[in-house]
Amino acid sequence: MRCSRFALIVAGLFAGCSGSSAAPTRATGPVDLGPPQGPPVNAVLTHAPQVPPPTGRTAPAKVVVQLEVREIVMPIAEGVSYTFWTFGGQVPGKFIRIRQGDTVEFHLQNHPSSKMPHNIDLHAVTGPGGGAASSFTAPGHESQFTFKAGNPGLYVYHCATAPVGMHVANGMYGLILVEPPEGLPPVDREYYVMQGDFYTVGKYREKGLQPFDMQKAIEENATYVVFNGSEGALVGDKALQAKVGEKVRLYVGNGGPNLVSSFHVIGEIFDKVWTEGGQRVQEQVQTTIVPAGGSSIVEFTVDVPGTYILVDHSIFRAFNKGAVGMLKVTGPENKLVYSGKEVDSVYLSDKATQSEAVSRAAAAAAKGTLTKDDQIAAGKSLFQGTCSACHQPEGQGLPRLFPPLAKSDFLMADKTRAIGIVLNGLTGPVKVNGEEFSSVMPPQSHLADDDIANILTFVRNSFGNGGEAVSTAEVTAVRTSTKRPPGAGH
(Lines give C-alpha, C1' and ligand atoms only; values in the text may rest on other atoms or scores of the structure.)
Protein backbone atom coordinates (compact mmCIF):
# COMPACT_ATOMS: atom_id res chain seq x y z
CA MET A 1 0.00 0.00 0.00
CA ARG A 2 2.84 2.38 0.90
CA CYS A 3 4.62 1.74 -2.43
CA SER A 4 1.49 2.26 -4.49
CA ARG A 5 0.76 5.54 -2.73
CA PHE A 6 4.30 6.73 -3.45
CA ALA A 7 3.88 5.73 -7.09
CA LEU A 8 0.71 7.81 -7.34
CA ILE A 9 2.48 10.85 -5.89
CA VAL A 10 5.40 10.49 -8.33
CA ALA A 11 3.01 10.02 -11.25
CA GLY A 12 1.17 13.17 -10.22
CA LEU A 13 4.38 15.16 -10.14
CA PHE A 14 5.43 13.99 -13.61
CA ALA A 15 1.95 14.64 -14.95
CA GLY A 16 2.27 18.23 -13.82
CA CYS A 17 5.51 18.56 -15.79
CA SER A 18 4.23 16.96 -19.01
CA GLY A 19 1.73 19.54 -20.10
CA SER A 20 -1.26 18.18 -18.15
CA SER A 21 -4.27 20.50 -18.07
CA ALA A 22 -4.68 19.95 -14.32
CA ALA A 23 -4.53 23.12 -12.23
CA PRO A 24 -1.08 23.68 -10.69
CA THR A 25 -0.79 23.00 -6.99
CA ARG A 26 0.18 26.05 -4.94
CA ALA A 27 3.12 25.38 -2.65
CA THR A 28 2.21 25.03 0.99
CA GLY A 29 4.22 26.19 3.97
CA PRO A 30 6.70 29.07 4.00
CA VAL A 31 8.50 29.72 0.72
CA ASP A 32 12.00 31.16 0.47
CA LEU A 33 12.16 33.43 -2.58
CA GLY A 34 15.79 34.32 -2.10
CA PRO A 35 17.77 36.97 -0.23
CA PRO A 36 16.75 40.63 -0.06
CA GLN A 37 17.71 42.72 -3.08
CA GLY A 38 18.51 46.41 -3.13
CA PRO A 39 18.64 48.87 -0.22
CA PRO A 40 16.37 48.45 2.84
CA VAL A 41 12.81 49.73 2.48
CA ASN A 42 10.91 51.60 5.19
CA ALA A 43 7.41 50.20 5.33
CA VAL A 44 4.55 52.59 4.68
CA LEU A 45 1.99 52.16 7.50
CA THR A 46 -1.51 53.64 7.45
CA HIS A 47 -4.31 54.24 9.93
CA ALA A 48 -7.68 52.66 9.19
CA PRO A 49 -9.56 52.92 6.92
CA GLN A 50 -6.67 53.76 4.60
CA VAL A 51 -4.45 51.07 3.06
CA PRO A 52 -0.80 51.46 1.99
CA PRO A 53 -0.18 51.29 -1.77
CA PRO A 54 0.92 47.99 -3.33
CA THR A 55 4.61 47.30 -2.87
CA GLY A 56 5.15 47.28 -6.63
CA ARG A 57 8.30 45.22 -6.14
CA THR A 58 9.32 42.17 -8.19
CA ALA A 59 11.93 40.86 -5.76
CA PRO A 60 12.24 40.39 -1.99
CA ALA A 61 13.58 43.27 0.06
CA LYS A 62 14.63 44.02 3.60
CA VAL A 63 11.69 45.94 5.04
CA VAL A 64 11.95 47.98 8.22
CA VAL A 65 8.73 48.33 10.25
CA GLN A 66 8.47 50.88 13.07
CA LEU A 67 5.42 50.57 15.31
CA GLU A 68 4.79 52.37 18.60
CA VAL A 69 2.41 51.33 21.36
CA ARG A 70 0.40 54.10 23.02
CA GLU A 71 -2.27 53.98 25.72
CA ILE A 72 -4.79 56.71 24.87
CA VAL A 73 -8.22 57.86 26.05
CA MET A 74 -10.51 58.22 23.02
CA PRO A 75 -14.26 58.15 22.26
CA ILE A 76 -15.91 54.77 21.80
CA ALA A 77 -19.39 56.32 21.32
CA GLU A 78 -20.93 59.78 21.50
CA GLY A 79 -20.16 61.12 24.97
CA VAL A 80 -18.44 57.88 26.00
CA SER A 81 -14.66 57.51 26.32
CA TYR A 82 -12.41 54.53 26.93
CA THR A 83 -8.72 53.94 27.59
CA PHE A 84 -7.55 52.14 24.47
CA TRP A 85 -4.21 50.36 24.20
CA THR A 86 -3.08 50.90 20.62
CA PHE A 87 -0.51 49.99 18.01
CA GLY A 88 0.18 53.40 16.50
CA GLY A 89 -2.30 55.63 18.33
CA GLN A 90 -5.60 54.33 16.91
CA VAL A 91 -7.74 51.20 16.87
CA PRO A 92 -7.15 49.09 14.90
CA GLY A 93 -3.38 49.28 14.69
CA LYS A 94 -1.64 50.52 11.58
CA PHE A 95 -1.98 48.47 8.40
CA ILE A 96 1.31 46.82 7.36
CA ARG A 97 1.84 45.83 3.71
CA ILE A 98 4.79 43.72 2.58
CA ARG A 99 5.61 41.11 -0.08
CA GLN A 100 6.11 37.38 0.18
CA GLY A 101 9.81 36.67 0.56
CA ASP A 102 10.59 39.95 2.32
CA THR A 103 12.86 39.95 5.35
CA VAL A 104 11.22 42.18 7.95
CA GLU A 105 13.20 44.02 10.62
CA PHE A 106 10.51 44.82 13.18
CA HIS A 107 10.94 47.59 15.76
CA LEU A 108 8.35 47.80 18.54
CA GLN A 109 8.44 50.87 20.80
CA ASN A 110 6.40 51.29 23.97
CA HIS A 111 5.77 54.98 24.70
CA PRO A 112 7.14 56.25 28.04
CA SER A 113 3.64 57.30 29.11
CA SER A 114 2.39 53.70 28.95
CA LYS A 115 1.56 51.98 32.21
CA MET A 116 1.84 48.40 30.93
CA PRO A 117 4.43 46.30 29.09
CA HIS A 118 3.35 45.09 25.65
CA ASN A 119 4.53 42.85 22.81
CA ILE A 120 3.30 41.75 19.38
CA ASP A 121 2.22 38.43 17.87
CA LEU A 122 1.97 38.62 14.09
CA HIS A 123 0.07 35.70 12.60
CA ALA A 124 2.19 36.12 9.47
CA VAL A 125 5.31 35.06 11.40
CA THR A 126 6.61 31.50 11.54
CA GLY A 127 8.43 31.39 14.88
CA PRO A 128 7.82 31.27 18.65
CA GLY A 129 4.76 33.31 19.59
CA GLY A 130 4.67 34.95 16.17
CA GLY A 131 7.27 37.38 17.49
CA ALA A 132 5.74 37.74 20.94
CA ALA A 133 8.59 35.83 22.59
CA SER A 134 11.08 38.36 21.17
CA SER A 135 9.18 41.62 21.59
CA PHE A 136 8.26 42.03 25.27
CA THR A 137 8.72 45.78 25.71
CA ALA A 138 8.50 47.82 28.90
CA PRO A 139 7.28 51.44 28.87
CA GLY A 140 9.93 53.73 27.42
CA HIS A 141 11.81 50.88 25.74
CA GLU A 142 12.16 49.34 22.27
CA SER A 143 12.56 45.77 21.09
CA GLN A 144 13.63 44.39 17.72
CA PHE A 145 13.37 41.07 15.91
CA THR A 146 13.55 39.81 12.33
CA PHE A 147 11.36 37.40 10.38
CA LYS A 148 10.94 36.23 6.82
CA ALA A 149 7.48 36.53 5.28
CA GLY A 150 7.15 33.12 3.67
CA ASN A 151 3.35 32.84 3.38
CA PRO A 152 1.10 35.17 1.36
CA GLY A 153 -2.23 36.26 2.85
CA LEU A 154 -3.97 38.75 5.11
CA TYR A 155 -3.04 38.21 8.74
CA VAL A 156 -3.99 39.60 12.13
CA TYR A 157 -1.44 40.87 14.60
CA HIS A 158 -2.16 41.51 18.28
CA CYS A 159 -0.57 41.95 21.68
CA ALA A 160 0.14 38.71 23.52
CA THR A 161 1.27 39.97 26.92
CA ALA A 162 -0.57 38.41 29.85
CA PRO A 163 -3.44 38.73 30.43
CA VAL A 164 -3.67 38.37 26.66
CA GLY A 165 -7.44 38.77 26.49
CA MET A 166 -7.33 42.10 28.29
CA HIS A 167 -4.69 43.53 25.95
CA VAL A 168 -6.67 42.45 22.88
CA ALA A 169 -9.96 43.66 24.37
CA ASN A 170 -8.44 47.11 24.83
CA GLY A 171 -7.81 47.41 21.09
CA MET A 172 -4.36 45.92 20.53
CA TYR A 173 -4.76 44.38 17.07
CA GLY A 174 -4.31 45.18 13.40
CA LEU A 175 -3.68 43.64 9.96
CA ILE A 176 -0.57 42.75 7.99
CA LEU A 177 -0.91 41.93 4.29
CA VAL A 178 1.72 39.71 2.70
CA GLU A 179 1.28 40.14 -1.05
CA PRO A 180 1.95 37.16 -3.32
CA PRO A 181 4.96 37.71 -5.62
CA GLU A 182 2.69 38.73 -8.50
CA GLY A 183 0.73 41.14 -6.28
CA LEU A 184 -3.05 41.37 -6.05
CA PRO A 185 -5.24 42.33 -9.04
CA PRO A 186 -5.66 46.12 -9.28
CA VAL A 187 -8.86 47.73 -7.97
CA ASP A 188 -10.16 51.29 -7.78
CA ARG A 189 -10.53 51.53 -3.98
CA GLU A 190 -9.00 49.66 -1.05
CA TYR A 191 -10.12 50.11 2.55
CA TYR A 192 -9.17 48.70 5.95
CA VAL A 193 -12.05 47.66 8.22
CA MET A 194 -11.55 45.77 11.48
CA GLN A 195 -14.16 44.66 13.98
CA GLY A 196 -13.67 44.40 17.73
CA ASP A 197 -15.78 43.69 20.79
CA PHE A 198 -15.41 45.85 23.91
CA TYR A 199 -16.43 45.31 27.52
CA THR A 200 -17.19 48.30 29.76
CA VAL A 201 -18.43 48.55 33.34
CA GLY A 202 -21.21 50.91 32.21
CA LYS A 203 -23.98 49.80 29.88
CA TYR A 204 -24.09 50.64 26.18
CA ARG A 205 -23.79 54.42 25.69
CA GLU A 206 -23.51 55.15 29.41
CA LYS A 207 -21.65 58.46 29.36
CA GLY A 208 -18.23 59.36 30.71
CA LEU A 209 -14.94 57.47 30.91
CA GLN A 210 -15.79 53.76 31.07
CA PRO A 211 -13.40 51.22 32.62
CA PHE A 212 -12.75 47.77 31.22
CA ASP A 213 -14.89 44.99 32.78
CA MET A 214 -12.92 41.73 33.01
CA GLN A 215 -15.90 39.66 34.13
CA LYS A 216 -18.01 40.76 31.15
CA ALA A 217 -15.10 39.88 28.87
CA ILE A 218 -14.75 36.42 30.40
CA GLU A 219 -18.48 35.87 29.97
CA GLU A 220 -18.27 37.20 26.37
CA ASN A 221 -21.00 39.75 27.13
CA ALA A 222 -19.88 42.61 24.89
CA THR A 223 -21.07 46.14 25.60
CA TYR A 224 -19.92 47.36 22.18
CA VAL A 225 -19.18 45.65 18.89
CA VAL A 226 -17.71 48.21 16.50
CA PHE A 227 -15.71 48.75 13.35
CA ASN A 228 -12.40 50.60 13.54
CA GLY A 229 -12.48 51.26 17.26
CA SER A 230 -15.63 53.32 17.81
CA GLU A 231 -19.32 53.40 17.10
CA GLY A 232 -19.10 56.28 14.62
CA ALA A 233 -15.79 55.46 12.94
CA LEU A 234 -17.32 54.79 9.50
CA VAL A 235 -20.51 56.84 9.67
CA GLY A 236 -21.54 60.24 8.24
CA ASP A 237 -18.55 62.33 7.24
CA LYS A 238 -16.26 59.39 8.05
CA ALA A 239 -18.02 57.00 5.66
CA LEU A 240 -16.01 55.15 3.03
CA GLN A 241 -16.33 56.65 -0.45
CA ALA A 242 -16.62 55.25 -3.98
CA LYS A 243 -18.05 56.08 -7.40
CA VAL A 244 -20.44 54.11 -9.56
CA GLY A 245 -18.57 51.54 -11.63
CA GLU A 246 -15.60 51.29 -9.29
CA LYS A 247 -14.26 48.03 -7.93
CA VAL A 248 -13.89 48.14 -4.16
CA ARG A 249 -11.71 45.85 -2.06
CA LEU A 250 -12.12 45.65 1.71
CA TYR A 251 -9.47 44.14 3.93
CA VAL A 252 -11.63 42.95 6.81
CA GLY A 253 -10.18 41.83 10.12
CA ASN A 254 -11.64 40.73 13.43
CA GLY A 255 -9.58 41.47 16.51
CA GLY A 256 -12.14 39.85 18.77
CA PRO A 257 -11.18 39.02 21.44
CA ASN A 258 -14.27 36.80 21.57
CA LEU A 259 -16.92 37.21 18.89
CA VAL A 260 -17.01 35.78 15.37
CA SER A 261 -18.13 38.35 12.78
CA SER A 262 -20.79 37.74 10.12
CA PHE A 263 -19.59 40.49 7.80
CA HIS A 264 -22.15 41.80 5.31
CA VAL A 265 -22.60 44.88 3.11
CA ILE A 266 -26.31 45.66 2.82
CA GLY A 267 -27.21 46.11 -0.84
CA GLU A 268 -24.13 44.39 -2.28
CA ILE A 269 -23.01 40.87 -3.15
CA PHE A 270 -19.32 40.09 -2.88
CA ASP A 271 -17.94 39.20 -6.31
CA LYS A 272 -14.93 37.59 -4.66
CA VAL A 273 -14.02 36.59 -1.12
CA TRP A 274 -10.54 35.46 -0.14
CA THR A 275 -11.81 33.18 2.61
CA GLU A 276 -10.14 33.71 6.00
CA GLY A 277 -7.52 35.89 4.34
CA GLY A 278 -5.95 32.96 2.49
CA GLN A 279 -5.44 32.17 -1.18
CA ARG A 280 -8.71 30.44 -2.07
CA VAL A 281 -11.39 32.61 -3.70
CA GLN A 282 -15.12 32.12 -3.23
CA GLU A 283 -17.52 33.96 -5.56
CA GLN A 284 -21.02 35.49 -5.25
CA VAL A 285 -21.07 35.62 -1.46
CA GLN A 286 -23.71 37.43 0.61
CA THR A 287 -22.15 37.22 4.10
CA THR A 288 -18.73 35.95 5.11
CA ILE A 289 -17.56 34.65 8.45
CA VAL A 290 -14.52 36.39 9.93
CA PRO A 291 -13.30 34.53 13.02
CA ALA A 292 -11.83 36.24 16.04
CA GLY A 293 -8.15 36.61 15.25
CA GLY A 294 -8.89 36.13 11.55
CA SER A 295 -9.53 38.08 8.37
CA SER A 296 -11.13 38.11 4.96
CA ILE A 297 -10.67 40.04 1.73
CA VAL A 298 -13.89 40.98 -0.06
CA GLU A 299 -14.26 42.59 -3.45
CA PHE A 300 -17.26 43.99 -5.32
CA THR A 301 -18.19 46.54 -7.98
CA VAL A 302 -20.73 49.25 -7.12
CA ASP A 303 -23.35 49.63 -9.83
CA VAL A 304 -25.73 52.27 -8.47
CA PRO A 305 -25.33 55.30 -6.17
CA GLY A 306 -26.44 55.42 -2.57
CA THR A 307 -25.38 54.49 0.94
CA TYR A 308 -24.36 50.89 1.48
CA ILE A 309 -24.32 49.74 5.09
CA LEU A 310 -21.55 47.58 6.55
CA VAL A 311 -22.75 45.39 9.42
CA ASP A 312 -22.03 42.38 11.51
CA HIS A 313 -25.15 40.43 10.51
CA SER A 314 -25.47 39.06 14.02
CA ILE A 315 -27.88 41.92 13.78
CA PHE A 316 -28.35 43.10 17.36
CA ARG A 317 -24.63 43.87 17.33
CA ALA A 318 -25.26 46.24 14.43
CA PHE A 319 -28.25 48.17 15.70
CA ASN A 320 -27.74 47.85 19.46
CA LYS A 321 -24.00 47.57 19.99
CA GLY A 322 -22.54 49.74 17.23
CA ALA A 323 -21.33 47.45 14.40
CA VAL A 324 -22.43 49.75 11.57
CA GLY A 325 -20.40 51.47 8.88
CA MET A 326 -21.19 53.18 5.58
CA LEU A 327 -19.93 53.17 2.02
CA LYS A 328 -21.28 56.22 0.19
CA VAL A 329 -21.36 55.81 -3.58
CA THR A 330 -21.86 58.75 -5.94
CA GLY A 331 -22.58 58.78 -9.66
CA PRO A 332 -25.37 58.29 -12.21
CA GLU A 333 -28.40 56.16 -11.40
CA ASN A 334 -29.11 52.93 -13.25
CA LYS A 335 -32.85 52.23 -13.06
CA LEU A 336 -32.37 48.85 -14.74
CA VAL A 337 -30.34 47.69 -11.75
CA TYR A 338 -32.24 49.40 -8.94
CA SER A 339 -35.05 51.90 -8.53
CA GLY A 340 -36.00 52.98 -5.04
CA LYS A 341 -35.52 55.44 -2.20
CA GLU A 342 -32.29 56.11 -0.37
CA VAL A 343 -31.55 54.46 2.96
CA ASP A 344 -32.93 56.70 5.70
CA SER A 345 -32.94 57.06 9.46
CA VAL A 346 -36.11 54.98 9.85
CA TYR A 347 -34.06 51.98 8.72
CA LEU A 348 -30.77 52.85 10.36
CA SER A 349 -32.11 54.30 13.60
CA ASP A 350 -29.70 56.83 15.12
CA LYS A 351 -26.78 55.10 13.38
CA ALA A 352 -27.60 57.17 10.29
CA THR A 353 -25.69 60.21 11.51
CA GLN A 354 -23.20 61.33 14.10
CA SER A 355 -24.43 63.78 16.69
CA GLU A 356 -22.09 66.28 18.27
CA ALA A 357 -25.08 67.50 20.29
CA VAL A 358 -25.09 64.25 22.27
CA SER A 359 -21.39 64.64 23.07
CA ARG A 360 -21.85 68.29 24.04
CA ALA A 361 -24.71 67.42 26.38
CA ALA A 362 -22.67 64.65 27.99
CA ALA A 363 -19.70 66.96 28.50
CA ALA A 364 -21.91 69.68 29.98
CA ALA A 365 -23.54 67.17 32.34
CA ALA A 366 -20.10 66.04 33.52
CA LYS A 367 -19.16 69.66 34.29
CA GLY A 368 -22.49 70.43 35.94
CA THR A 369 -23.44 73.04 33.31
CA LEU A 370 -26.15 71.12 31.44
CA THR A 371 -29.01 73.33 30.25
CA LYS A 372 -32.45 72.53 28.90
CA ASP A 373 -31.33 73.76 25.49
CA ASP A 374 -28.43 71.26 25.59
CA GLN A 375 -30.89 68.48 26.38
CA ILE A 376 -33.28 69.55 23.63
CA ALA A 377 -30.51 69.53 21.01
CA ALA A 378 -29.28 66.09 22.05
CA GLY A 379 -32.83 64.76 22.41
CA LYS A 380 -33.76 65.91 18.91
CA SER A 381 -30.93 63.88 17.40
CA LEU A 382 -31.81 60.81 19.44
CA PHE A 383 -35.54 61.15 18.72
CA GLN A 384 -34.97 61.17 14.98
CA GLY A 385 -33.24 57.81 15.13
CA THR A 386 -35.16 56.16 17.96
CA CYS A 387 -38.77 57.36 18.02
CA SER A 388 -39.62 58.97 14.69
CA ALA A 389 -40.31 55.71 12.85
CA CYS A 390 -43.60 55.28 14.74
CA HIS A 391 -44.39 58.74 16.10
CA GLN A 392 -43.24 60.42 12.85
CA PRO A 393 -40.64 63.18 12.42
CA GLU A 394 -42.97 65.99 13.52
CA GLY A 395 -44.59 64.00 16.31
CA GLN A 396 -47.87 63.66 14.39
CA GLY A 397 -48.19 59.90 14.90
CA LEU A 398 -50.28 57.59 12.69
CA PRO A 399 -54.11 57.55 12.88
CA ARG A 400 -55.53 54.81 15.15
CA LEU A 401 -52.08 53.25 15.55
CA PHE A 402 -49.44 55.50 17.09
CA PRO A 403 -50.61 58.42 19.19
CA PRO A 404 -49.36 61.91 18.41
CA LEU A 405 -46.73 63.50 20.60
CA ALA A 406 -47.58 66.92 19.17
CA LYS A 407 -49.77 68.93 21.56
CA SER A 408 -50.37 65.72 23.50
CA ASP A 409 -52.50 66.00 26.62
CA PHE A 410 -51.57 62.43 27.59
CA LEU A 411 -47.83 63.07 27.35
CA MET A 412 -47.85 66.33 29.24
CA ALA A 413 -50.22 65.27 32.03
CA ASP A 414 -47.75 63.10 33.96
CA LYS A 415 -43.98 63.32 33.56
CA THR A 416 -43.24 60.25 35.70
CA ARG A 417 -45.75 58.18 33.71
CA ALA A 418 -44.08 59.27 30.47
CA ILE A 419 -40.69 58.15 31.78
CA GLY A 420 -42.15 54.81 32.78
CA ILE A 421 -43.69 54.25 29.35
CA VAL A 422 -40.37 54.85 27.60
CA LEU A 423 -38.54 52.55 30.01
CA ASN A 424 -41.11 49.78 30.31
CA GLY A 425 -43.28 50.06 27.21
CA LEU A 426 -47.06 50.30 26.91
CA THR A 427 -49.67 47.86 25.59
CA GLY A 428 -53.35 48.46 25.06
CA PRO A 429 -55.69 51.37 24.38
CA VAL A 430 -54.87 54.93 25.41
CA LYS A 431 -56.80 58.13 24.78
CA VAL A 432 -54.80 61.07 23.44
CA ASN A 433 -56.41 64.40 22.60
CA GLY A 434 -59.83 62.72 22.78
CA GLU A 435 -58.96 59.96 20.29
CA GLU A 436 -58.33 56.30 21.18
CA PHE A 437 -55.22 54.46 20.02
CA SER A 438 -54.47 50.77 20.48
CA SER A 439 -50.99 49.45 19.72
CA VAL A 440 -47.79 48.37 21.40
CA MET A 441 -44.81 50.51 22.35
CA PRO A 442 -41.86 48.23 23.10
CA PRO A 443 -39.74 49.05 26.15
CA GLN A 444 -36.68 51.18 25.51
CA SER A 445 -34.85 50.20 28.70
CA HIS A 446 -31.67 49.57 26.70
CA LEU A 447 -31.29 53.35 26.32
CA ALA A 448 -29.10 55.14 28.84
CA ASP A 449 -30.87 57.23 31.46
CA ASP A 450 -29.46 60.51 30.17
CA ASP A 451 -30.55 59.66 26.60
CA ILE A 452 -34.12 59.02 27.78
CA ALA A 453 -34.06 62.26 29.76
CA ASN A 454 -32.87 64.19 26.70
CA ILE A 455 -35.44 62.60 24.37
CA LEU A 456 -38.31 63.41 26.73
CA THR A 457 -37.02 66.93 27.31
CA PHE A 458 -37.01 67.46 23.54
CA VAL A 459 -40.49 66.00 23.03
CA ARG A 460 -42.00 67.89 25.97
CA ASN A 461 -40.64 71.15 24.53
CA SER A 462 -41.39 70.59 20.84
CA PHE A 463 -44.36 70.02 18.50
CA GLY A 464 -46.46 72.61 20.32
CA ASN A 465 -45.66 71.22 23.80
CA GLY A 466 -44.15 73.28 26.59
CA GLY A 467 -42.84 71.82 29.82
CA GLU A 468 -39.96 71.50 32.19
CA ALA A 469 -36.86 69.40 31.52
CA VAL A 470 -36.61 65.75 32.47
CA SER A 471 -33.50 64.98 34.50
CA THR A 472 -31.32 61.89 34.41
CA ALA A 473 -31.98 61.45 38.13
CA GLU A 474 -35.72 61.27 37.49
CA VAL A 475 -35.23 58.53 34.89
CA THR A 476 -32.89 56.63 37.21
CA ALA A 477 -35.47 56.81 40.00
CA VAL A 478 -38.19 55.30 37.79
CA ARG A 479 -35.84 52.59 36.53
CA THR A 480 -34.77 51.70 40.07
CA SER A 481 -38.35 51.47 41.31
CA THR A 482 -39.49 49.21 38.47
CA LYS A 483 -39.97 45.61 39.54
CA ARG A 484 -38.62 43.13 37.03
CA PRO A 485 -38.60 39.33 36.87
CA PRO A 486 -35.48 37.64 38.29
CA GLY A 487 -32.69 37.63 35.74
CA ALA A 488 -34.32 40.26 33.52
CA GLY A 489 -32.19 43.01 32.03
CA HIS A 490 -32.37 46.56 33.26
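## Two crossing helices

Helix H7 (residues 372-386) and helix H11 (residues 449-459) have axes that come within 7 Å and cross at roughly 100°. That angle makes H7 roughly perpendicular to H11 (the label covers 65 to 115 degrees). Axes here are lines fitted to C-alpha atoms over the stretch in contact, with angles from 0 to 180 degrees between N-to-C directions. Helices are DSSP runs of H or I with at least four residues, strands are E runs of at least two, and both are numbered from the N terminus.

On the H7 side, the residues in contact (heavy atoms within 4.5 Å) include Lys-372, Ile-376, Leu-382 and Phe-383. Among their partners in H11 are Asp-451, Ile-455 and Phe-458.

## Ground rules

This is a predicted model: local features need pLDDT of at least 70, side-chain atom pairs count only at pLDDT 80 or more, and totals for chains, interfaces and linings use all residues. Residues are numbered from 1 along each chain as its sequence is written, and side-chain values use heavy atoms, leaving out hydrogens and water.

## His-158 and its strand

His-158 sits in strand E9 (residues 153-158). At 13% relative accessibility, His-158 counts as buried (under 20% relative accessible area, 1.4 Å probe, protein chains only). Leaving aside residues up to four places away in sequence, His-158 touches Phe-87, Asp-121 and Met-172, among others.

E9 belongs to an open sheet of 5 strands with mixed pairing, ordered E2-E5-E10-E9-E7. E9 and strand E10 (residues 173-179) run antiparallel, joined by 6 bridges (pairing takes at least two DSSP bridges). Tyr-157 stands opposite Gly-174 in E10.

Conventions: Buried < 20%, exposed > 50% of the residue type's maximum accessible area, 1.4 Å probe, protein only. Parallel < 35°, antiparallel > 145°, perpendicular 65-115°, else oblique.
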